Amino acid sequence: MTDPHWLDEVEMRAWIGFVRTRDLIAAAVGRDSTRESNLTYVEYSVLAYLADAPDHLLTFAALAAKLEWSQSRLSHQITRMEKRGLVAREPIPDDARRTAARLTPHGAEVLTGAAPGHVRSVRRHMIDVLDRQQLAALADIYDTLLAHHRRSATES
């Protein structure tokens, strides 16, 4: 058995920096969202994906893939959001084994009201902290990482 290829100082700073800032920024945006619009970060994400979908409808499989969640986790989340009238479950007419989630008119109204505060929060906690060059570099880095992991997922 060989020793692992340990992270050097720069690699460790990059890894720990990513983990900590991702958690801190998501928590800060989530707190702002809950305080301003009574939507969690997760609920906002679900509503935003549904709002962008044709007819405001996505199969559970498609929505879970966009969120990078299991369908079981998504099902529990949709149940909670259904109780608040934000989304509705709909059967897929040509496949009784599949279900879709649809953004309700109430969910669309809540999302529309929450969006300005969400954008302000994202700007305050991330975007406006970086200059344009840093932001472009970060966007390029995330494009590279996302492409790598999506490619890996399809090859598995």
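Against which helices do the buried residues of H1 pack? They pack against H2 and H5, where contact means heavy atoms within 4.5 Å. The model is predicted: local features need pLDDT of at least 70, side-chain atom pairs count only at pLDDT 80 or more, and totals for chains, interfaces and linings use all residues. Residues are numbered from 1 along each chain as its sequence is written, and side-chain values use heavy atoms, with hydrogens and water left out.

Confidence is given by pLDDT, the predictor's confidence in each residue, from 0 to 100. The chain averages a pLDDT of 93. At least 70 is reached by 99% of the residues. Among the elements of the chain, H5 has the highest mean pLDDT (97) and E3 the lowest (89). Helices (H or I, at least four residues) and strands (E, at least two) are DSSP runs, numbered from the N terminus.

Helix H1 covers residues 9-37 and has 29 residues. From its first C-alpha to its last, H1 reaches 41 Å, close to the 42 Å expected at 1.5 Å a residue. The expected span of a helix is 1.5 Å times one less than its number of residues. At the start of H1, a side-chain oxygen of Asp 8 comes to within 3.1 Å of the backbone nitrogen of Val 10. The buried residues of H1 are Ala 26, Ala 28, Val 29, Gly 30, Asp 32 and Ser 33. Buried means under 20% relative accessible area, exposed over 50%, and partly exposed in between (1.4 Å probe, protein chains only). Asn 38 follows H1, with a positive phi near 60°.

Helix H2 (residues 41-52) has twelve residues. H2 reaches 17 Å from its first C-alpha to its last, close to the expected 16 Å. Its buried residues include Glu 43, Tyr 44, Ser 45, Val 46, Leu 47 and Leu 50. What covers the buried residues of H2 includes strands E1 (57-59), E2 (87-92) and E3 (95-103). Helices H3 (60-67), H4 (71-83) and H5 (105-125) are also included.

The three strands form an open sheet in the order E1-E3-E2, with antiparallel pairing. E1 and E2 stand at the edges, each with a single partner strand, so one side of each is left without a neighbour in the sheet. The twist averages 30° from one strand to the next. Two strands pair if DSSP finds at least two bridges between them. Six bridges join E2 to E3, which run antiparallel. These two strands form a hairpin with two residues between them. Pro 91 stands opposite Thr 99 in E3.

H3 packs on the sheet and touches E1, E2 and E3. Its direction makes about 90° with that of E1. H4 lies across E2 and E3, running at about 125° to E2. Axes are lines fitted to C-alpha atoms, for helices over the stretch in contact, and angles run from 0 to 180 degrees between N-to-C directions.

Ala 62 is found in helix H3. Ala 62 counts as partly exposed because its relative accessibility is 28%. Ala 62 and Ala 100 are 38 residues apart in sequence. In space, they are 8.8 Å apart, C-alpha to C-alpha.

How values were computed: A polar contact is a pair of N or O atoms within 3.5 Å; within protein, one must be able to donate a hydrogen and the other to accept it, and residues adjacent in sequence count only if both atoms are side-chain atoms.
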